[in-house]
Amino acid sequence: MGIRGLHSYVLEHASKTLEWHKLRNRNLIIDGNNLAHFLYDECSGINAYFGGDYDKYANFVQKFFEGLQKCNVKVIVVMDGGQPVDGSKWVTVQTRLQMQLSMCLRASPSIAKFKIFPPMGRQVFVTTLRSMGITILQTDFEADMEIAVLAKNLGYTVLSNDSDFIVCDVPLIRLESMNYKNIITETNKKTGETFSYIPCFLFNREEFCMTAGINKEHLPLFGTLLSNDYIPLGAFSNFYLQLQSEVQQPGHKKRRKGKYSDFTEGHRRIVNLLSFLSRHASKPLKKITNIVTSQYFTNRLRKEVASCVESYANLDASKSNLFSALPESIISESSLEVVGKKGKIMETELRLKNGNQPPKWFVEAYRTQRIPHEVSDILTKGDFISPPQVEMKELRSSYLVAERIVRSVYTVLWKGLPLEAQGYDSEEESSEFDNSSQDGTDVMLLDSDGEEENNEASDEEEEEENEMTNEKEGKEESNMVTDEEEEEMVSEEAKSLPLQQSITHAEGQCSGQNRGIKRTSHELTKKSRTQATHIQKRRKQTSQDKKGKPVQRKHLRWFIRNGDRLWIKNIYFLGRQSADLLPSLDDVEKMSLYDKKIAFYRMLNLESRFQHLELPDDLELILDFILFWFKSSSIELADIHGIAALICIIQYYIIDGKNGRVRTKKRFEEAPAAQERVQKLKKDRDYSSQNASVIELLYYMSHDECLVAGSNLFNYHHMRKNMSAQEFNIRTVHAFSEFQACVYFMQLVNSLLCFPFPLLSIEFLWGGTFSYNIFHHLKRCGDPVVWTRQTLGMGTCLERLFVKLYSAISKKHRLPILRGKKRKPSKGEKRRRGINLKQENVLVSTTQEKKENPLTQLDNRFEGLEIDGMEISI
């Protein structure tokens, strides 16, 4: 939420209400979503156009909270859940989605200071906090009022940039007022105690009300009438016209012309409203609310205003379900009985489709953000919103790589309903939906004018043929839907969907196309409201079947990209035969670890288990990420995609796991000495055993070899200077965006099955700039496998682990060989990497002279290396 213009008004015209403060020895409750985006914008060195530099972001988040801990500041972080059930924020959500989508399609190194929050940035933020032992909670829906309720009843101070908290009766520190990079240490002259603090500003609510001459109790009405994400400003137009006319009346007290002319239109509105409230300062809140609403508003708007005022004014503990998820140490510190009582009960407003509350394990995992917030929208609204990411516009959405998983997730969350409610009226229909491809799915597109585009497929054969064609062209067809399904697809809340489908002239230029004309947001909103009214009338006419019973939507609405527009793709359940093999959420808790893993692979339609390698669960899951990516990708992936992904995992998961995140040259000054120690270590029989298993390789792996390998890979963490837009390959980024989608959705399945595998975050697996640089280097070098082995260190545990993992993937997928023009490394690169170029050239020339097929070439890379008696040839 956010109150229009209030924050800027306080900074410019009520700055004396901000008090300078030394932040230390204080309890904070933090608006998590607000802080996550704020820190990402503040973090330097991130190259957002490569898909996300998550390791750099995680480091920055960690340093921020370490600064708070240094000042003895205890924090609770609260994250937003799903969208409100009543759809009151749907206009704002879709506006932001389309803006993000347009920015992602413009991604290029030529755009200065380009930043957009990456799709898995929230997970990285949460994982970093959890690793630091910080309490982090997730609400069922919007978090703002939950934060205010917790702060009020626990006696905490709110840290946020959201202007809604200005009108709530809670202590508030504006996030942007914190000089968090400048932690000051002082000594108390009287006691000699040394302490640290962060300079910031506290908002003085009493001073603000006294200066404006208004009653403090009227602040909730004040914030509501200024409009927020739930009530648009246009709803109060008649009221503000009346206020303006009162200002212009002869008997009204006039302000100095020069001072008043400095106000913007929004600030004039605030001044007029404050003047109105000051004239009624003696009246109770309820009475003045009735005066305003009865004169100027419709019955529906009166209810919306009353509800919004109530949410700001009433911060009773009973309005929050988060007390049950707080640690006992925090509950025990509070003297409020109601908090203690609620702390013993796990409550949630989330409901399964059969009307039951989710099982306790699910609620606990959701409350602590181990289950993504998107699940809330699936349960309560039947919607699934995938955040835009950097992609190639001409290719299909990178999220479609995981369509099978989305159908499986939707099926599991709907388990327990009668088959008729799931959309299976007959065996024939069930078998139709049993295909794991896109068969049986409908789509609805809206063009730039908000009109629906529907084409009818003649039969299943034509649909399958169209899908094969669209996979090559990177586009999706649009199928005809029934009237009932169509009305359910266009929900009453989605009032401004045509607005988000309209691409303005300026956005069209940035994306290489001209679409439509440039319109003001007011004109677009007006048009979308008119169309929304038409849609609502049609829904009333067709929302019932022939027997008069309400029609229940039988599909999930998946919001993703198609071309340069926001797209609603309908996702149906798996067929009855496939669905019967999957558990419901109630069944999960009773299942053994083995059965959970079986269900995991069934939901992915993946058969690989890597049992012959005896992998730890984390590495087994990591290899599954890569295999699922290769199996489902719409792009023809090559061997260097798999090698690049493995190098990322070795760098972020293994090397960083041993030595920490080292991203500065100074930390690698010991690399030459470490190299000498590694040479001595390779003479050790246990270390150099050729029969070592994966677990043994991980056990014997030394810090020194990780330091040397990290030094060889150091330069690939940074973008090459002066990279032009012509050199930027968006297709490469799109391929790794698919990999991100695979990681996200497979972790979602993992969480819904109560974690048969470890919960791995993307910052430990992959980095945008690093993977892009590695991929294009592998494309240029003579033999990627030889280069990788030499970079990791021939004969080291790292190198042998890479060979084991890569050969295992190669056996599952016959990877095509991709080669570009070989670029000879400079003397400096040769010296930095320590690569014997003569030896590399001999190996390459020998392979080329044999002129064998690509699969045989793959075998030659492992020639002379015996590992665990395993047959390396493909």
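This is a predicted model: local features need pLDDT of at least 70, side-chain atom pairs count only at pLDDT 80 or more; totals for chains, interfaces and linings use all residues.
**Figure 1. Welcome to the whole protein.** The chain has 874 residues, and buried residues make up 57% of them. Its secondary structure comes to 39 helices and 13 strands. Among contacts between residues at least 6 apart in sequence, 77% link residues at least 24 apart. The close-ups that follow visit a few places in turn.

Figure 2. His267 belongs to helix H11, which covers residues 265–279. With a relative accessibility of 3%, His267 counts as buried, because the cut-off for that word is under 20%. Leaving aside neighbours within four places in sequence, His267 is in contact with Gly5, Ser8, Tyr9, Glu12 and His13.

**Figure 3. Helices H1 and H11 cross.** Step back from His267 and the two helices come into view. The axes of helix H1 (residues 6–13) and H11 come within 10 Å and cross at roughly 85°. That makes H1 roughly perpendicular to H11, since angles of 65 to 115 degrees are described this way. On the H1 side, the meeting residues are Leu6, Ser8, Tyr9, Glu12 and His13. H11 brings His267, Ile270, Val271 and Leu274 to the meeting.

**Figure 4. Strand S4 is covered on both faces.** In a regular strand, side chains alternate between the two faces of the sheet. Strand S4 spans residues 135–138, with Thr135 and Leu137 on one side and Ile136 and Gln138 on the other. These four residues are all buried, so both faces of S4 are covered. Strand S3 (residues 74–79) runs parallel to S4 and is joined to it by four bridges. Look for Val78, which stands opposite Leu137 of S4.

**Figure 5. Helix H6 is largely enclosed.** Helix H6 runs over residues 144–154, and ten of its eleven residues are buried, so the rest of the structure largely encloses it. The buried residues are Asp144, Met145, Glu146, Ile147, Ala148, Val149, Leu150, Ala151, Asn153 and Leu154. Just after H6 comes Gly155, which takes a positive phi of about 75°.

**Figure 6. A look into the largest nonpolar core.** In soluble globular proteins, nonpolar side chains tend to be buried together. The largest nonpolar core here has 165 residues, of which Tyr57, Phe64, Phe65, Leu68, Phe125, Met178 and Phe745 touch the most other members. Helix H33 (residues 730–752) gives the most to this core, with 13 residues. Another core, of 65 residues, lies apart from it and includes Phe165, Phe208, Ile288 and Phe297. For a closer look, find Met178 in the largest core. Leaving aside neighbours within four places in sequence, Met178 is in contact with Leu23, Phe64, Leu68, Leu159, Ile173, Ile198, Pro199 and Cys200.

**Figure 7. Gln62 in helix H3.** Gln62 lies in helix H3, residues 54–70. At 28% relative accessibility, Gln62 counts as partly exposed. Gln62 and Phe125 are 63 residues apart in sequence and 8.9 Å apart in space, C-alpha to C-alpha. Leaving aside neighbours within four places in sequence, Gln62 is in contact with Thr128, Met132 and Arg661.

**Figure 8. Helices H29 and H35 side by side.** Two packed helices are described by the angle between their axes and the distance between the axes. For helix H29 (residues 639–659) and helix H35 (residues 784–792), the angle is about 10° and the axes are 11 Å apart. H29 and H35 are therefore roughly parallel to each other. H29 makes the contact through Ile640, Ile643, Ile647 and Ile650, while H35 uses Pro784, Val785, Trp787, Thr788 and Leu792.

Figure 9. Gln369 is not a glycine, yet it has a positive phi of about 65°. Its place is the loop between helix H16 (360–367) and helix H17 (374–381). Gln369 counts as buried, at 10% relative accessibility. Asn605, also not a glycine, has a positive phi of about 55°. Asn605 lies in the loop between helix H27 (593–604) and helix H28 (617–632). With a relative accessible area of 35%, Asn605 is partly exposed.

Methods:
Residues are numbered from 1 along each chain as its sequence is written. Side-chain values use heavy atoms; hydrogens and water are left out. Buried means under 20% relative accessible area, exposed over 50%, partly exposed in between (1.4 Å probe, protein chains only). Two strands pair if DSSP finds at least two bridges between them. A nonpolar core is a set of buried Ala, Val, Leu, Ile, Met, Phe, Trp, Tyr and Cys residues joined through side-chain atoms within 4.5 Å. Contact means heavy atoms within 4.5 Å. Axes are lines fitted to C-alpha atoms, for helices over the stretch in contact, and angles run from 0 to 180 degrees between N-to-C directions. Angles under 35 degrees count as roughly parallel, over 145 as roughly antiparallel, 65 to 115 as roughly perpendicular and the rest as oblique.
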